[in-house]
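Please view the sequence and the model first, then read the points grouped by topic below.

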Amino acid sequence: MDAVQGTLDELGTPLREVTFVVFDLETTGGSAAEHAITEIGAVKVRGGEVIGEFATLVDPGGPIPPFISVLTGITDAMVVAAPKFSEVLPSFLEFVAGAALVAHNAPFDMSFLKAACQVNGYPPPANPVVDTADLARRVLTRDETPNCKLATLARVFRSSTEPCHRALADAKATVDVLHGLIARVGSLGVHTLEDLRGFVRAPTPEQQRKRHLAEGVPGAPGVYVFEDDRGEALYIGKSSNLRNRVRSYFTASETRSRIREMVGIAERVRTIVCATGLEAEIRELRMIGVTKPRYNRRSRFPERVVWLKLTDEAFPRLSVVREVKDDGAAYLGPFGSSRTADDARTAMHEALPLRQCTERLSAQVRRPACALAEIGRCGAPCEGRESEESYAGHVRRARHAMELDAEAVFSAMEARMSRLSAEQRYEEAAVDRDRLAAYVRTAARMQRLRSLTGIPQMVAASPAFDGGWDIHVIRHGRLAAAGVMPRGAHPTPYVDALVATAETVLPGPGPTPAASAEETECVLRWLDSPGVRLVQVDGTWSLPAYGAGRLIERIERAYRHQRSDRREGRPLR
């Protein structure tokens, strides 16, 4: 058959003939839904030559946060006479017409541009988009650059403009980075715009070379482990279909730079087939917590959580601790950080006059009271003003607020926030709102966890895809066994066999006595999913009638008001 010469359209647009508009936006924050544009800068280039520039400050319609002004140098005074973006948008869309758009971390800039188009009644830009950050991750190695930040790449490619978080300067630096990257990919056969955009989406050579690692992987639920040549776990994941999930790591759909790097190091994929999807999810959590693979970012350190403890001593106090002991003390948690735990403690101190000093006190030893006693925030048991019996009332209320009813703390903090807002001390009120949120969210979470961890044994089932049932045995919030009952089978023998072979679970102290909070939350999510049936429950599964969960919506409402205030330029409430 005679060869047919392709048309120019089939060959693509040569890069030297493509008009690129390299642009950058400065904004008041990171969310296109909540924040606004303060500056736009763009440079139009073709064939390596600059053929136009576009730059203007923009009135965001509200105050610029101080930390943003420090970062960009753009202040409220600078934008007071600037046009609104609705006035700038038509000119910018005309400037970019027919060009390929280029930005460093393009999804961020494009999200603001699309949001502005939607608000002002314009269709979203249909221009092809090139992300220099994504392209750099594909082209450059760790030996060449430690990261793909614009400032770093500008030094690598010797840009004549230094990025400084001002829109036009950053756009000019991105032009130099773009030209440097185009020069690099030219040696890899990238000569057209279509090649350039396809280069970013295509699997890396390492991904293509390692495709054989997915051979023989079963199409069943389970856990997969990418291992290096020494057998060390690099990354652990789970899937309801191991074959499809593992194969996806070697295709263009996998775009995460860290994971692509991991694939290049991996030498084998080990799989563990599980009976159900829940078992796979739990096994993944447990294995990540034990082996701590360096390419997993979540769930690697479950032991790093902290707790707020109401100590067991003559005059108890609230203390941030890393371990739950069987000492009769009350605990609130777990918290992801000491800072969040301290926020919750501050919220509780607003409602409860517990002592805040750290010394161990007794009725026999006296010492001078601190300033908190003088302002009525502490009963001064250290000085003998308050007896053990009267102080015990504060302790009972604190335990009640931690375990059963958050209303006292919520009401006290709400009253304080209202007073601060009335005095126009909005920033302080916002800080207190965050402290209250830390307390309420954690109390609600703990009460939900305890509702399950207090049950010695629960058996539940959910419909499987083939008409059968997935059955799980849960003991003190820990998954003890998982199995599948075929369609049409009688359930009693399967349930009895599963219970008989389930893991023996000996509970420990605290709200999470037998499993991590993450594991118990996985089980709770499954129990909340449609179609789940309770087969056996030893004990009572319930939540406190006046628990913190009923206050979550009021907390979320406060944050929704904050987002609305930011959009409309009002002070924080």
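**Briefing on selected features**

The second largest pocket holds about 780 Å³ of space. The model described here is predicted.

- The lining of the second largest pocket consists of 25 residues.
- Nearest the centre of this pocket lie R137, R138, L140, T141 and S257.
- Three helices each contribute at least two residues to the lining: helix 6 (132-139), helix 10 (205-209) and helix 12 (257-265).
- By residue class, the lining comprises 10 charged, eight nonpolar and seven polar residues.

- Q457 belongs to strand 12, which covers residues 457-463.
- Q457 is classed as buried because its relative accessibility is 11%, and buried means under 20% relative accessible area.
- The side chain of Q457 forms a polar contact of 2.8 Å with the side chain of R475.
- When residues up to four places away in sequence are not counted, Q457 touches V473, I474, R475, V499, Q536, V537 and D538.

**Backbone geometry**

- Most residues other than glycine have a negative phi, and most peptide bonds are trans.
- The peptide bond from G333 to P334 is cis, and its omega is near 0°.
- P334 is located in strand 11, made up of residues 330-335.
- K292, which is not a glycine, has a positive phi of about 50°.
- S299, also a residue other than glycine, has a positive phi near 70°.

**The loop between helix 13 and strand 9**

- K292 lies in the loop that runs between helix 13 (277-291) and strand 9 (306-310).
- S299 is likewise placed in the loop between helix 13 and strand 9.
- S299 is buried because its relative accessible area is 17%, a value to be read against the limit of under 20% for buried residues.

Definitions and conventions: Residues are numbered from 1 along each chain as its sequence is written. This is a predicted model: local features need pLDDT of at least 70, side-chain atom pairs count only at pLDDT 80 or more; totals for chains, interfaces and linings use all residues. Side-chain values use heavy atoms; hydrogens and water are left out. On a 1 Å grid over the protein atoms alone, a cavity is a set of points where a 1.4 Å probe fits but cannot get out, and a pocket is an open set with protein on both sides within 12 Å along at least five of seven lines; lining residues have an atom within 4 Å of a point. Grid points are joined across faces, edges and corners, and a volume is the space filled by probe spheres set on the points. Helices (H or I, at least four residues) and strands (E, at least two) are DSSP runs, numbered from the N terminus. Ala, Val, Leu, Ile, Met, Phe, Trp, Tyr, Cys and Pro count as nonpolar, Asp, Glu, Lys and Arg as charged, and the others, Gly among them, as polar. Buried means under 20% relative accessible area, exposed over 50%, partly exposed in between (1.4 Å probe, protein chains only). A polar contact is a pair of N or O atoms within 3.5 Å; within protein, one must be able to donate a hydrogen and the other to accept it, and residues adjacent in sequence count only if both atoms are side-chain atoms. Contact means heavy atoms within 4.5 Å.
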